Structures are given as C-alpha cells and as structure tokens.
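Colleague: Please take a close look at helix packing here and walk me through it in one go. Give the cut-offs as you use them.

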Protein chains: 2
Amino acid sequence: MSGATSWSSSESLASWRPGPARDAIVGFLRDRAALATAQRQAVFDNDGTLWCEKPVYPQLAFFVHELRQAVEERPELGDRAEYAALLGNDHAAVGALGLPRIGMALLELFAGWTPEQFAERSRHFLQHAPHPTLGRQFGRAIYRPMLELAEALRAHGFAVAIVSGGGTEFVRAVSRELYGVEPEAVVGSFVGYEYRTGAAGPELVRTATLDGDANEGVAKVLSIQQHLGRRPAFAAGNSAGDRDMLDWAHAAPGPSLALLVDHDDAEREFAYESVAGTFESDERIVDVARSSGWTVASMATDWERVFVEG
Amino acid sequence: MSGATSWSSSESLASWRPGPARDAIVGFLRDRAALATAQRQAVFDNDGTLWCEKPVYPQLAFFVHELRQAVEERPELGDRAEYAALLGNDHAAVGALGLPRIGMALLELFAGWTPEQFAERSRHFLQHAPHPTLGRQFGRAIYRPMLELAEALRAHGFAVAIVSGGGTEFVRAVSRELYGVEPEAVVGSFVGYEYRTGAAGPELVRTATLDGDANEGVAKVLSIQQHLGRRPAFAAGNSAGDRDMLDWAHAAPGPSLALLVDHDDAEREFAYESVAGTFESDERIVDVARSSGWTVASMATDWERVFVEG
C-alpha cells in the first residue's frame, strides 16, 4: 500500500485548484516515504508567503502605529528625519532614507521593552488593526491555501518552521495562533537583548540593534542550520530574499519541493514582482523559479480562495 | 479533580529517592496548572546535567579522537602547541594554553565538513567510544533520573530543550536518540558556516570559528530568548555557567523550579565542585543554589540509580 493512500488530497488542499502546482505538492507528499523523519523539515517565508505584505509590511504598519502613539506623548520625536518621513507619508523621503535605516530608527521605540510587552502589543495590533484595503484585520490577511499546505505537511510528519526576514519576535507573537507554529520554530531577524540583574530580580529587555544580520538571502540558509539544525526538503517563498533558501531546499537529497508564490492577482490581492536580488541581474523571481525547476503557485490561477475567513 | 491526579509520580520518577529534591519536583509538576501552555518551557544544561562530563567532556574526547586520526595522516599537525599538549596528555601545557584556545584550535580539524559529516562522526563516537572509567560508552553515561524528569515534564505539557555550553551540532547528533529532543530544541555554542554555491549545487560547510559567544552564563539566557522565544519555568544545571539561566527560570512568574545537580558521589560517578564564576567570588555553586532558593539534587542522596542501563 503506498503512503499516498493514507491521505486524501481533496480534503486537505481544498483551496488549491487542480493544476501543476497542486500536482507538484501532492506528488511531493506522496514521495515523502523516501525521506527519513529527520529530513522532513519544511520552511515557510512569512511576508508575502503566509500573510499579505502589500501595500505595507504588517510589521512596518505596527511600528508606525506605535510611532504615532509615541509622538503623542513626546512630540519632539516627530522631528527626526526617519520618523517625519513615515508620519508625513513622504514616499520620496522614505525612499531616500531607505527602509533599513528607517527600520533601525523604529527599533529604538521598543528599546527597554520586555519580550512579553512587545509580544502583547504586536498581538493586539495584528488582531485588531484593519488592513488598509482588504476589509479585514492584518492578522486575517493570511493565505488559506498556504495554511492548508502547512497542515498537510504536518500530517505527513514534517516539522513546519517559519523563516522570515521580518522580526522574529513580531511573528512569534501570533505564530501559534495563526499558523500552529511554536515560537522556537520561528526564525527571523532578531533584535538584541540586554540581561539586567538588580534588586527587582533579573530582567530581559530589548536593545535597539539587531543581533546579527537581517534574515534575508544566504542568512536564511545559515539561520536554518543554526536554529533548526536540519536541511529542509520543502521551502516556500515569494521574493528575492527567499532565493537561496529555495535553492537550498530544492537541491536537498531525495524528494524536495521549492514553491514560489506568484503575486499575480490584482483583483483579490496584489499584482507585483520581486526581482531576483543580485546587482548583476534584474531577473524576475518567477523567471528564476522556472529556470531553476521550482514550482510556481499562481495566486490568480492556482488558488480557489486566497484568504482565511475574514 | 486536581491536575496532579493524572500522574503517578512513583511511576515516572522511579530513580529518585524520597526527599526534598523529589518533593520539589513533584510539587512543581503538581502546580503546573497555574502555568499557561506558553509558559511550560523546560531547559536542561547538558554536560554534567544530562551526561557525565568527567574526567573529560565527551566533546573534547571526540575532538582528541579525531585529532589522533588527523595526525596519522598529517603528522606535522602534532607539532602544533595546542595539539601537542593534548596528544602528550600534558596537563600543565593544557592549563597554560587554556581550554578556550585549545578548543578553537580543534575546531580547525572540522573546517569544510558538512553538518551531516560532523553529525555522523559525532554520533559514531558517542555510540562506540568507551568512557575512560565508567565501563560504558560515552553515549550511555547519561543520567537516568534526569531522563525520567524530562519525560515527566513532557508528560505535563512542557517543551523540553537543551541549553548547553558545548557545541550545538555535537549535542544535536544524538539529542533525539538519547533525550527525545529534536535538533531545533538544542541550543549551544554554534560554529559558523559558509554557504557555497557552484556547479555541484549549493553546499553548507563548517568554518573554524564560533558564530557568536560561547553559550555560557548570560549567553544562555540570551540564547534561550533567541532560539526558544519563551522564558523557562524550569531549568536544570550543575555549574557556574548555568547560574544565570537558573536565576532566570527561578524568578519566572508563577510556579518555577531551578534544579542544581550536585556531583557529590565519588563512588558511582565523580565528586567535584563548580565555583560560581565571578571574579570577586569563589562561592561553590551548591552554596549559591542554597542561598538562592534553588533545589539541590544530591547525586549520592537523591538518586537511587545514576545511569541508564549500560
């Protein structure tokens, strides 16, 4: 009896339309018997792969939300160039300053916070703040087909982890609730902490700097080894920052699947392209996917439904 | 009906003799109902807490084993001061050079290895190499009472992780087999990797340097947040390098338990002391434990059996 008979794909991947993407997923799940338990590691990018990243990264929206509150209490903060650009919705200034510099400035808002304080505010934002255009909360702008896929992988013995370029702690705040993923299986860009001891007992508080590199590109491959300790046989992503991770999983020994989510659905979500991320090239990531033998999931074509219930 | 009635301590902690240590464990497990699922994180040190670290750390024994093989092929390696000190069993020279410097030199033996190669050789060593005095393999010189404790914690909904000062990858090589702990729940001192791409496909290989600090002292608290993302309500350790982690768990909100294994059993294992690790102090860690309100597990008094079956 083959392993595939224990699983009815029509139940588990209900939001996936018949087609090559769905066939590739079902085939990979069927072939899993060739993978030892230790090889059954699946990794998902988060922004644009599990939740919507347009027109703004949810984490950036949260940071701006917190910035507005901070400026109410301390108006002088609004004069800082990075903050003024954001608060004025000044796209030119944001572009000139660059998102990395602005992100570092925003980290300062949370310096001195405990992990619990940060998680609580993050969670509250994702649960309640409305997405600007989708008529639902940010925390409900998550892709139903991808949740079904994660669930099918788990049902087939895979450990499912999130490997995000975003902040580890922001994703962890909701990873169990939204994705069924425990905090130790969330790997992202990690803020540094300071451990303080004193009369009130030990305390762990955020600093305003990242501990290590932003978790994009090759850093994702390295952080997978560091945190998860296993080479993934499955990876899903959507952007240039996922290219190395997708290559790494695709070339794993035995059955493997590298899945690229193509944002080609302007009607139900957004239509946009990610370029492949080397300075020598302006390849579209979807072209890289095709030439690399990855599987492309077209949001417009392959997904019967895009989002979870709102 | 209280939560405690679902668990018979006499079944699960069979190697623990009645006494205050066992009472503290049973009491902590009974009180777990006050902890939310997210708070049920348990962390164990490894060397001296889960496996025997005397007369030599198993990882150091493995490194020396590999060094001997390397010197057979490349005799000139034997002239290097750090290696000559080890191979000549020259305690004075080892002491003068210091274990950190020697450890860094030994890391060079494995530069260019893949994670799989390193794991395979580590596993083979731990399975087959005899402990110098205990009449069993290194991989069987593990403490039965601590395995029972880890199992009891899991049975009560705790996630169990290993937070070691030793090499992450060395412990991961056997963590599932010896302890039932998955590789992503092993946090230790982490070697850097290099990601190479080429005609033969992508490859991840070890470098000869650590990525970050050695995982001792405050680094353990920080790495718990980074890797596990939860403050532990339970920690077990045995040495000065565990002090901060034990403090951190002990002061966690709600029921908590910080457990120190006291190596006071020269007959069945080894009798030795760890000093508490600040330059101003030569406190014994067991005295720190008592003044801090941690629970001390005396190997001689509290453990009916020390090791798993040989």
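Helix packing

Modeller: In chain B, the axes of helix H3 (residues 58–73) and helix H7 (residues 115–128) come within 10 Å and cross at roughly 110 degrees (axes are lines fitted to C-alpha atoms over the stretch in contact, with angles from 0 to 180 degrees between N-to-C directions; helices, H or I of at least four residues, and strands, E of at least two, are DSSP runs numbered from the N terminus). H3(B) is therefore roughly perpendicular to H7(B), a label for 65 to 115 degrees.

This is a predicted model, where local features need pLDDT of at least 70 and side-chain atom pairs pLDDT 80 or more, while totals for chains, interfaces and linings use all residues. Residues count from 1 along each chain as written, chains are lettered from A and ligands numbered from 1 in written order, and side-chain values use heavy atoms, without hydrogens or water.

From H3(B), B:Pro58, B:Ala61, B:Phe62, B:Phe63, B:His65, B:Glu66 and B:Gln69 meet B:Phe118, B:Arg121, B:Ser122, B:Phe125 and B:Leu126 of H7(B), contact being heavy atoms within 4.5 Å. The residues of this contact divide into seven nonpolar, three polar and two charged (nonpolar: Ala, Val, Leu, Ile, Met, Phe, Trp, Tyr, Cys, Pro; charged: Asp, Glu, Lys, Arg; polar: the others, Gly among them).

In chain A, helix H12 (residues 285–292) has A:Ile285, A:Val286, A:Val288 and A:Ala289 buried (under 20% relative accessible area, with exposed over 50%, 1.4 Å probe, protein chains only). These four lie on the same side of H12(A) because they cover an arc of only 155 degrees around the axis, taken from the axis-to-C-beta directions. On the other side of H12(A), A:Arg290 and A:Ser291 are exposed. The buried residues of H12(A) pack against helix H11 (243–250), strand S7 (257–262) and strand S8 (295–298) of chain A. Just after H12(A), A:Gly293 has a positive phi of about 85 degrees.

Key
Angles under 35 degrees count as roughly parallel, over 145 as roughly antiparallel, 65 to 115 as roughly perpendicular and the rest as oblique.
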